[in-house]
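Here is a short report for a reader new to this structure. Please look at the sequence and the model first.

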Amino acid sequence: VYVLLNALGAYEYWGVNRNGDAFPEWSLKGSPPPKDVADFLNSDSFKSKFPNFVVPTGRYGYKTFETDAHVYLLHANKDPLTAIGDVIAAAYNEHMHRVELIVFIYEARSKDTVTAIRNQLPVPWSMGAKLPFDICSVCCNPAKNRGAYCQHLLTSLNEILPDGRKVFSYNWFPRFFLGAV
């Protein structure tokens, strides 16, 4: 069965997702980083944590849904041989500022999912991304993993601080994978 999905929207237009992730439009499109991001990546504070980082030209953004993503059940997304489907096409909708996907689910691999889709029942979807690092929206701490997160991301994710700033993670250079829950 084929399914059309609205995978995710650009942060500038849709805000952060419920997981506190912000995907800027340039990053979703796989475009080069804007000047402020390039300046950050060239800063001494960033280079001291990631001295060998090179912008992964052409290896991030919505097109990676087509090259890297499969449809999985229950976030069991490590082995493509366990996938219940594939991403057939990915497009960036300029008018809506979002990534849209056509996915295919094999009935023989997940009869329950296909039955739910055919019966127009809700099927929750989850999108995931591999990232070289997260950037805190408050202190700009770059973190390769949760062990390197600042206190903002560890304790206050998605909260609004007294000064009006929201705590979230900028997600630059995503390589996407997909999963049906």
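Cys-150 is buried, with a relative accessible area of 11%. Here buried means under 20% relative accessible area, exposed means over 50%, and partly exposed lies in between (1.4 Å probe, protein chains only). Cys-136 is buried too, at 0%. The sulfur of Cys-150 has its closest cysteine sulfur in Cys-136, 3.5 Å away, which is too far for a bond. The structure holds 0 disulfides. A disulfide is a pair of cysteine sulfur atoms within 2.5 Å.

## About the model

This is a predicted model: local features need pLDDT of at least 70, side-chain atom pairs count only at pLDDT 80 or more, and totals for chains, interfaces and linings use all residues. Residues are numbered from 1 along each chain as its sequence is written, and side-chain values use heavy atoms, with hydrogens and water left out.

## The antiparallel sheet

Which strands make up the antiparallel sheet, and in what order? It is an open sheet of 4 strands, ordered S1-S5-S4-S3. Strands (E, at least two residues) and helices (H or I, at least four) are DSSP runs, numbered from the N terminus. Two strands pair if DSSP finds at least two bridges between them. Strand S1 (2–9) and strand S3 (70–71) stand at the edges, each with a single partner strand, so one side of each has no neighbour in the sheet.

Now take the pairs in turn. S1 and S5 are antiparallel and share 7 bridges. In this pair, Leu-5 has Leu-101 of S5 as its bridge partner. S4 and S5, also antiparallel, are joined by 8 bridges. Val-87 has its bridge partner in S5, at Val-103. S3 and strand S4 (residues 85–93) run antiparallel and are joined by 2 bridges. Val-71 stands opposite Gly-85 in S4. The hairpin of S4 and S5 has 4 residues between the strands, and His-97 takes a positive phi near 55° there.

## The mixed sheet

Another open sheet has 4 strands in the order S2-S9-S7-S8, with mixed pairing. Its edges are strand S2 (21–22) and strand S8 (142–143); each has a single partner strand, so one side of each lacks a neighbour in the sheet. Strand S7 (residues 134–136) pairs with strand S9 (residues 169–170) in the antiparallel sense, over 2 bridges. Ile-135 has Tyr-170 in S9 as its bridge partner.

## Core and surface

How many residues does the largest nonpolar core have? The count is 24, and those with the most contacts inside it are Leu-28, Phe-65, Val-99, Leu-101, Val-103, Ile-105 and Leu-178. S1, S4, S5, helix H6 (111–118) and strand S10 (175–180) each supply at least two residues of this core. The largest share, 4 residues, comes from S5. A nonpolar core is a set of buried Ala, Val, Leu, Ile, Met, Phe, Trp, Tyr and Cys residues joined through side-chain atoms within 4.5 Å. Strand S5 (residues 98–105) has 6 of its 8 residues buried, so the rest of the structure largely encloses it.

There is also a nonpolar patch on the surface. Tyr-2, Leu-4, Ile-88 and Ile-102 form it, with about 440 Å² of accessible area together. The area comes from the Shrake-Rupley method with a 1.4 Å probe; for residues, only the protein chains shown count as cover. Patches are made of residues with over 30% relative accessible area and no salt bridge; like charges are joined within 9 Å, and nonpolar side chains (Val, Leu, Ile, Met, Phe, Trp, Tyr) within 5 Å. Ile-102 is found in strand S5. This residue is partly exposed, at 36% relative accessibility.

## Salt bridges

The structure holds 6 salt bridges. Each is a side-chain nitrogen of Lys or Arg within 4 Å of a carboxyl oxygen of Asp or Glu. One of them joins Lys-29 and Glu-94, with the closest N and O atoms 3.0 Å apart. Lys-29 lies in helix H2 (residues 25–29) and Glu-94 in the loop between S4 and S5, so the pair ties together parts that are 65 residues apart in sequence. Lys-29 is partly exposed at 31%, and Glu-94 is partly exposed at 46%.

Glu-100 and Arg-98 also meet in a salt bridge (2.7 Å, N to O). Glu-100 is buried at 18%, and Arg-98 is buried at 19%. Asp-163 and Arg-165 form another (2.8 Å, N to O). Asp-163 counts as exposed at 51%, whereas Arg-165 is partly exposed at 37%.
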